[in-house]
Amino acid sequence: MFTRYEGVAWEERFLPRLTRKQVKELPKEHALVILPIGAVEQHGDHLPVMTDALIGEATLTDALEKIDPAEQIWLIPPIAYGKSNEHLGIPGTISLSASTLAGIVSDIAYSLKASGFRRLLLFNTHGGNTDLLNVAAREIRIATGMMVFSLSPASLGVAADLLPPEELEFGIHGGDYETSIVMYLKPGWVQEHCRVREMPAMNRYRFLTLEKAIRFAWKMEDVSRSGILGDATRATAEKGRIIQERASDLMAKAFVEISRFEIKQLLEETSAGAAMG
Ligand SMILES: [Zn+2]
């Protein structure tokens, strides 16, 4: 018995389970296609290298189960790998180059456009992919005319009241947030006794940050000895459950809004307002 693609999300919303005839006949006016992009990269001694890809698939699976069956929201096979060259050379890391990842994402977009789809969501669970995907999204918009969206569950702010300020600022890799989620999703995949706390020595800088307005380029070995940033020792499965519940609720609603979004309306409404004024 093969059990990988089970449950509502994978039985009802997995686009490639359909035949070509079924895909052809789908109503596409409001259809949204979701492309998950993760990473396979070292996450310290306690988390599996699959962490980012795993969190992405699990959050999407939960979110898609919460959506009205009538909505045209479709999942395509996840790209497990991401641009992880900041971790390259640390065992277990499998990285795509920037040009490879950009090429894969745009090839998938062109293919969806050729099948008649109009909306693509780049659903990303690895911070190192973000800048590249924002560039790719605009390139695809200009080259194909598709409406392209991006969403990172870690940016939704759903853990803001669950984590201390230091963790919210520096806990960007294998810390409390990710460890709690994986402890909830796959407790057997976490080496709990290997959890550590490591924060970057950034206190002396007033302006410089890792990822905010004024930043420096870094690879993981520049900023962390353990390979993580954050406090994994505070992680609990219960916190992970709350984060996943909130993120999937918010995403389910956001997906429906995205599938209703029509970019042309922006100007129509602006000109109507301008004419009235
Ligand atoms: Zn991660």
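In sequence, the donor residues of the zinc ion follow the spacing H-x8-D-x125-E. The model described here is predicted, so local features need pLDDT of at least 70 and side-chain atom pairs count only at pLDDT 80 or more, while totals for chains, interfaces and linings use all residues. Residues are numbered from 1 along each chain as its sequence is written, and side-chain values use heavy atoms, with hydrogens and water left out.

The protein donors are His43 (NE2), Asp52 (OD), Glu178 (OE) and Glu178 (OE), at 1.9 to 2.7 Å from the ion; donors are N, O and S atoms within 2.8 Å of the metal (3.2 Å for Na, K and Ca), and because water is not among the atoms, sites may look incomplete. The four donor atoms subtend angles of 53 to 131° around the zinc ion, so the arrangement is irregular. For comparison, four donors count as tetrahedral if all angles lie between 85 and 135 degrees; four count as square planar and six as octahedral if opposite donors are over 155 degrees apart and all others between 65 and 115; anything else is irregular. His43 is buried, with a relative accessible area of 0%, and Asp52 is buried at 2% (buried means under 20% relative accessible area, exposed over 50%, and partly exposed in between, with a 1.4 Å probe and protein chains only).

Glu178 is one of the buried residues of helix H7. This helix (residues 176–185) is mostly covered, with eight of its ten residues buried; helices (H or I, at least four residues) and strands (E, at least two) are DSSP runs, numbered from the N terminus. The cover over the buried residues of H7 includes helix H3 (51–65), helix H6 (165–170), strand E6 (230–231) and H9, where contact means heavy atoms within 4.5 Å. Within helix H9 lies Gln244, which is buried at 2% relative accessibility. Leaving aside residues up to four places away in sequence, Gln244 touches Ile55, Ala58, Thr59, Asp62, Ile181, Tyr184 and Leu185.

Attention now turns to the sheet. Four strands form an open sheet in the order E2-E1-E3-E4, with parallel pairing (two strands pair if DSSP finds at least two bridges between them). E2 and strand E4 (147–151) stand at the edges with a single partner strand each, so one side of each has no neighbour in the sheet. From one strand to the next, the twist averages 25°. Strand E1 (residues 32–37) runs parallel to E2 and is joined to it by three bridges, and Leu32 has Ile73 as its bridge partner in E2.

Two helices pack on this sheet. Helix H5 (residues 130–144) touches E1, strand E3 (119–124) and E4, and its direction makes about 165° with that of E4. Helix H9 (residues 237–260) touches E1, E2, E3 and E4, and its direction makes about 150° with that of E3. Axes are lines fitted to C-alpha atoms, for helices over the stretch in contact, and angles run from 0 to 180 degrees between N-to-C directions.

E3 and E4 pair in the parallel sense over five bridges, with Met147 in E4 as the bridge partner of Arg119. Four of the five residues of E4 are buried, so this strand is largely enclosed by the rest of the structure.
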